Amino acid sequence: MFDGLREKLGRFSDDVEEDVDAVEEGEADDIDDSGADAEAPGEGGSAGDVTQSAAESDASSESDADAESTVDTQPADGTAATETSAEPDASTEDAAEPDRGVAERAKLFATGKTVIDEDDLQDHLDDLELTLLSSDVEMSVAGEILDGVEANLVGETRRRLQSTGNLVQDSLREALYDVISVGQFDFEERIDEAEKPVVIVFTGVNGVGKTTTIAKLAQYLEERGYSSVLANGDTYRAGANQQLGEHADTLDVPYISHEQGGDPTAVIYDAVEYAEANDVDVVLGDTAGRLHTSEGLMDQLSKIERIIEPDMTLFVDEAVAGQDAVTRATEFNDAAEIDGTILTKADADPQGGAAISIAHVTGKPILFLGTGQGYDHLERFDPEEVVDQLTLGE
């Protein structure tokens with residue numbers, strides 16, 4: 001996952017870092033030259049000497065300016081003195097400014113810090129925006145990342161040695177983490193602390209792997225000591241009972257279903273009653289794979305939310321769906337507020353735009369990634385690991 005985007009982000013970091021290094025080398029040369037000019041005859045000047053000389057020059061210039069700014073003139077006839085303001089010499093003011101600039105840069109250089117100019121960064125930010133948009137990152141999310149990178153770099157003094165030793169790479173990592181990590185919570189901790197049975201309802205469109213994801217999560221929970229019951233609330237699709245029932249048989253977990261065309265809310269309600277009567281920890285309820293444009297099915301989802309009051313509603317979609325997945329997540333969240341997202345086919349997604357965008361757009365975290373067809377191909381989504389993969393290739 002992320003191979004294509006990682007390569008593009010790597011080029012961005014390298015290009016900007018190369019420019020930063022070039023600017024710093026130029027500043028070092030300027031400081032050395034200015035320091036040599038500022039020294040008394042002899043050798044041994046330093047950045048500190050440049051700073052001191054600049055400060056003395058500032059003080060001298062200010063003193064001269066104060067002395068010239070007001071002149072008391074006493075006429076010969078004894079009338080009151082008049083006050084005349086003298087304009088400071090423009091050439092003196094211009095001459096002082098470069099000294100102050102050299103002094104500031106000398107202090108920054110001596111402490112291992114740097115300042116990046118906004119103009120120097122803008123072309124690179126434009127390239128970064130195109131990179132993100134071409135990788136299916138949602139437009140507002142791309143803007144948030146750009147703002148984060150710019151805020152981390154422009155006009156700021158940042159130590160050169162940070163977590164990776166690469167100023168630009170660290171700034172990009174921080175900006176990406178801010179948008180990817182929105183709303184994160186510990187899924188297992190929430191299961192552990194909630195009153196049993198915990199009811200989890202799954203939503204999403206047909207064909208994205210929702211039913212298989214439910215089976216994967218049932219095994220995930222069993223491996224961590226939690227029992228579960230599967231409920232087929234997808235009563236509209238022919239074959240849905242058989243599909244989820246086969247998963248239940250394979251995993252040896254109980255399964256609740258009604259006749260095709262029945263009320264999905266009633267199925268999940270029956271599963272909750274079964275769990276309460278049999279001390280089952282978690283109810284995993286499937287729903288009809290609906291399009292976000294289907295008003296009737298979205299109303300049915302709202303009914304489940306209202307009557308069952310599930311502990312979690314999880315949205316399932318394909319990572320490879322990119323912008324479409326982001327749009328659908330927003331619509332489903334409006335119909336019945338989701339608590340998190342599971343992205344399937346993450347192993348087939350070279351860009352990762354949906355993974356970067358969905359959490360920020362919905363305000364709800366990505367919890368799991370589906371990485372294959374096997375029941376054990378379900379991985380917890382770790383924002384820090386994802387950011388490292390995107391920027392460090394780890």
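Me: Which residue's side chain does Asp 388 meet in a salt bridge, and at what N to O distance?

Reply: Some ground rules come before the case: this is a predicted model, in which local features need pLDDT of at least 70 and side-chain atom pairs count only at pLDDT 80 or more, while totals for chains, interfaces and linings use all residues. Residues are numbered from 1 along each chain as its sequence is written, and side-chain values use heavy atoms, with hydrogens and water left out. A salt bridge is a side-chain nitrogen of Lys or Arg within 4 Å of a carboxyl oxygen of Asp or Glu. Here the side chain of Asp 388 meets that of Arg 173 at 2.5 Å, N to O. Asp 388 belongs to helix α14 (residues 383-392) and Arg 173 to helix α6 (residues 167-180), so the pair ties together parts that are 215 residues apart in sequence. Helices (H or I, at least four residues) and strands (E, at least two) are DSSP runs, numbered from the N terminus.

Me: Are Asp 388 and Arg 173 buried or exposed?

Reply: Buried means under 20% relative accessible area, exposed means over 50%, and partly exposed is in between, using a 1.4 Å probe and protein chains only; the areas come from the Shrake-Rupley method. Asp 388 counts as buried because its relative accessibility is 14%, and Arg 173 counts as buried at 15%.

Me: How many salt bridges does the structure hold, and which residue pairs with Asp 286?

Reply: The structure holds eight salt bridges. In one of them Asp 286 pairs with Lys 210, with 2.7 Å from N to O. Since Asp 286 lies in strand β8 (residues 282-287) and Lys 210 in helix α8 (residues 210-223), this pair ties together parts that are 76 residues apart in sequence. Both Asp 286 and Lys 210 are buried.

Me: What is the nearest side chain of opposite charge to Glu 138, and how far away is it?

Reply: For such a search, Lys and Arg count as positive and Asp and Glu as negative, with His and the chain ends not counted. Glu 138, in the loop between α4 and α5 (139-153), is buried yet has no salt bridge, and the nearest side chain of opposite charge is that of Arg 328, 15 Å away. Contact means heavy atoms within 4.5 Å; leaving aside neighbours within four places in sequence, Glu 138 is in contact with Gln 323, Val 326, Ser 357 and Val 361.

Me: Where on the surface do negative charges gather, and which element gives the most residues?

Reply: A patch is made of residues with over 30% relative accessible area and no salt bridge, where like charges are joined within 9 Å and nonpolar side chains (Val, Leu, Ile, Met, Phe, Trp, Tyr) within 5 Å. The place of a charge is taken as NZ of Lys, CZ of Arg, CG of Asp or CD of Glu. The negative patch gathers Asp 14, Asp 15, Asp 123, Asp 126, Asp 127 and Glu 129. The elements giving two or more residues to the patch are α1 (3-38) and α4 (118-134), and α4 gives the most, with four. Glu 129 is found in helix α4 and is partly exposed, with a relative accessible area of 33%.

Me: Which peptide bond is cis, and which residues have a positive phi although they are not glycine?

Reply: Most residues other than glycine have a negative phi, and most peptide bonds are trans. Here the bond from Lys 196 to Pro 197 is cis, with omega near 0 degrees, and Pro 197 lies in the loop between α7 (187-193) and β5 (198-203). Asp 252 has a positive phi of about 60 degrees; this residue is in the loop between α9 (240-251) and β7 (255-256) and counts as exposed at 68% relative accessibility. Lys 345 has a positive phi of about 55 degrees, lies in the loop between β10 (340-344) and α13 (353-362), and is partly exposed at 37%.

Technical notes
Areas by Shrake-Rupley, 256 points an atom, 1.4 Å probe, with all protein chains shown as cover.
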